[in-house]
Amino acid sequence: MSVPGVVRDTRRTAGKLGGSLIASIILGYVLTVACARLLPPDQYATFVTFWGLLMGLGSALSPLEQELSRQSAVAALTGGLAGRGALRAVATAAAAAAAFGLALLVPPVNDRLFPGTGELALVVLAGGVAFACQFGIRGVLIGQHQVKHFAWLVVAEPAVRALVLGLLVLATAYQLVPLALAVAAGSFAWLLFVRQGWRLLDVRAEGDGWPVTVRRMLMLLLGAALTASVITGYPALVGLLAPGGDRDRLGAVFAALVIARLPLTLVGPVQSLAVPFVVRLSTSEAGRHRLRRVLLLGTFASLALAALGALVGLLLGPWAVEFVYGAGYQVDGWAVAGLAWSSVLLVPMQLLTAVLVARAQAKRVLITWAVVAATASVLLLAVPGDTVFRAVVALAAAPMTGLAVVLAFVLANSPARATRHSDERSE
């Protein structure tokens, strides 16, 4: 397909996904705002820690979706389907999710993260394994251009959560643990799409073997776990590295963080769309030139948008948080400005790392997010001031270092070969 044809096709696909992404964002906001209204700020701080761990685990597993979309897109170039390598990737991700969930059951970790509600760790474990299956199905769907079913699955996940939450409210059973179960229920939406996903696999095709698959997936998952530590899992990182502080103030800041971060959880489908787009463009010199120009323009536009978002957060952030969550949630304007700046910059970071995934360069993805997570962790430990101040400063500074690293990787590296080869052969 020519470069203009690839671009037009991708634009049409993005347009079809737009409605489902908007619906998913709205349903996600409904859930988080409803839970904040049903819980006091101190309990909501624990709930957001759970939310961050589960959604962070989901974010950590999202490279599975991108990897399977890459395998499917590469196979589609020759008229084939993803093979047993895709199933091996799903099994690796599910095992990693189970291991993470079991680690949360260790008493010192469990007590620190979920004081008095240790059973939340089991909910994270079950939801995480279900997420692995869900991202696997989403990956083969978008890789084979099954946009309709992919879009429905994107919407089904938050819709299931909202439905279960509504049933809990009607039954007046909206305590902390039942609300957590409602959140985890969305991870099982993939069960509605098993048939469509299975049709897009060719189990007779060998694909990459276990050593290659495990090595690449573990690098991608570790990189995404580092990503999640500064997106949905950030409250847990704060709790581990900078514990203490006013729980009500922390609850309010975390509430603002949920507002700022929720759209980032939906960048995953856009990343998965970007992967086959990069695969197709990288087959020609003209396509590679066009890709480089798009990435540069998008990065500079994101910096301008981040500055605008910080200004809006400074002026309107405290009012918006109080309006959405209630009078019990008080947060300073400078804190919302930092969160908004950080959230906008993380969007181009995620899209740029999707380019590296399309080139099968998992090592560079891992390095990028290691820099971000390390910057945030060091600042959480080293910056003077209270927990809220350290949390905001670390979160605002970390994406700037990561954006510089990933942009250097993307622009300095030739994409001519990596789309058809694994890390072991291309790096």
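Guide: The largest nonpolar core has 118 residues, and Tyr44, Phe47, Phe50, Leu61, Tyr234 and Tyr325 touch the most other members. Such a core is a set of buried Ala, Val, Leu, Ile, Met, Phe, Trp, Tyr and Cys residues joined through side-chain atoms within 4.5 Å, where buried means under 20% relative accessible area, with a 1.4 Å probe and protein chains only. Helix α14 (residues 333-358) gives the most to this core, with 14 residues; helices here are DSSP runs of H or I, at least four residues, numbered from the N terminus.

A word on the source: this is a predicted model, in which local features need pLDDT of at least 70 and side-chain atom pairs count only at pLDDT 80 or more, while totals for chains, interfaces and linings use all residues. Residues are numbered from 1 along each chain as its sequence is written, and side-chain values use heavy atoms, leaving out hydrogens and water.

Now to Tyr234, one of those core members. Setting aside residues up to four places away in sequence, Tyr234 touches Ala228, Ser229, Leu257, Leu380, Arg390, Ala391, Ala394 and Leu395, a contact being heavy atoms within 4.5 Å.

Phe131 sits in helix α5 (residues 120-143) and is buried, because its relative accessible area is 2%.

Across the protein chain, buried residues make up 56% of the 427 residues.

Methods
Buried < 20%, exposed > 50% of the residue type's maximum accessible area, 1.4 Å probe, protein only. Helix = DSSP H or I, 4+ residues; strand = E, 2+ residues; numbered from the N terminus.
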